[in-house]
Amino acid sequence: MNLTRRNVLLGATVVVPGALVLGRWNEDKPTSAASSSRAVARVLASEPTVEGAGVHLKRALGGRALSVLDPFLLLDEFQSDDPNDYLAGFPDHPHRGFETVTYMIDGAMEHKDNVGNHGRLGPGSAQWMTAGHGIVHSEMPKQERGLMWGFQLWVNLPSARKMIKPRYQDIPPNWIQELALDRARVRVVAGSAFGVTGPVQGIDVDPVFVDLALERGARTELALTSGHSAFAYVTDGSVRLGSDAREVSRGQLAVLTREGDGLTLACDSNGARVIVVAGRPIGEFVARRGPFVMNTQAELDRAFEEFRAGTLTSGV
């Protein structure tokens, strides 16, 4: 079953495919030292699904093929110029125990929550929301026609930080520096890349989130911390990644090995665009059901009980 907000709001119990409690993702163990470009461990195709009140999107992470890549829990892409695919939006729904990251390429979304926070996301903007002990919010389109294109990433919180006070980092487009490289352009949303530090600050897993546009003939090396989990999701065209120059195409997610302190990207097609995300693994058990991500079944049960009782957001 899909991990949908809709199912949770209707009271259904939805379990991560395979198991409720998951261990750390262990396909590639980090080594003590590395000084080379990473390789591609797996390539996965995103899968179509429906979320919210009927939004059509593609799920690249968080589905049956790859339920978790510690500390990352989900990556969804929504891209359509058909209003029927997105107008229903994401009405009020809860979260606890993790962070949501929204990154917009085109279109406009409005965010509101139960404590009065309100914001608008337009082309090139981002939002890093820390749900902490609990939030109830909505994400609704602010357009009736035209292209809607963006991404939502879920990032886990360590157990000691799951019940912190919620917070937002709303990032307008002009806060995200865009760098011109040789036959490439890059936007740094979080972390440091190519000598620039992104505007998102104070995140537990020390994330890197970069958006790269490559022209034909481009070749560049992105620095990554050895031992951190990382993936690359191709949003347009095709790109060759890693020490093995693995070709990855539109709608595919490449899981990278944890060895190595960089990632080689090259484009021999007519151009490509790719999002690269990395972060420090938390290494804790993950208990996950619907919009709540905790460490034990008891903590999940408590989250559902408090949501039904109207006390989820009190932080008690």
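Let's start with a charged pair: the side chains of Arg 302 and Glu 306 meet in a salt bridge, 2.6 Å from N to O. A salt bridge here is a side-chain nitrogen of Lys or Arg within 4 Å of a carboxyl oxygen of Asp or Glu. Keep in mind that this is a predicted model, where local features need pLDDT of at least 70, side-chain atom pairs count only at pLDDT 80 or more, and totals for chains, interfaces and linings use all residues. Residues are numbered from 1 along each chain as its sequence is written, and side-chain values use heavy atoms, with hydrogens and water left out.

Arg 302 and Glu 306 both sit in helix α2, four residues apart, or about one turn of the helix. Helices (H or I, at least four residues) and strands (E, at least two) are DSSP runs, numbered from the N terminus. An α-helix has 3.6 residues a turn, so residues three or four places apart point the same way. Arg 302 is partly exposed at 37% relative accessibility, while Glu 306 is buried at 12%. For these labels, buried means under 20% relative accessible area, exposed over 50%, and partly exposed in between (1.4 Å probe, protein chains only).

Glu 306 has another partner too: Arg 96, with the closest N and O atoms 2.7 Å apart. That pair links distant parts of the chain, since Arg 96 is in the loop between β6 (90-95) and β7, 210 residues from Glu 306 in helix α2. Both Glu 306 and Arg 96 are buried.

What does α2 itself look like? The helix has 13 residues and reaches 18 Å from its first C-alpha to its last, close to the 18 Å expected at 1.5 Å a residue. That expected span is 1.5 Å times one less than the number of residues. Its buried residues are Leu 300, Ala 303, Phe 304 and Glu 306. They cover an arc of only 165 degrees around the axis, so they end up on the same side of α2; the arc is that of the directions from the helix axis to the C-beta atoms. On the other side, Ala 298, Glu 305, Arg 308 and Ala 309 are exposed. After the helix comes Gly 310, with a positive phi near 80 degrees.

Now for the rings. A search of the whole structure turns up five aromatic pairs. Rings of Phe, Tyr and Trp (its six-membered ring) pair if their centres lie within 6.5 Å; planes under 30 degrees apart count as stacked, over 60 as edge-to-face and the rest as tilted. Two of the pairs are set out below.

| Pair | Type | Centre to centre | Angle between planes |
|---|---|---|---|
| Phe 98 and Trp 154 | tilted | 4.5 Å | 40 degrees |
| Phe 292 and Phe 304 | edge-to-face | 4.9 Å | 85 degrees |

Phe 292 in strand β26 (residues 292-294) and Phe 304 in helix α2 (residues 297-309) are 12 residues apart, and both are buried.

Asp 268 is partly exposed at 44%, as is Arg 240 at 29%. Elsewhere, Glu 51, Arg 59 and Asp 76 are linked in a network of salt bridges.
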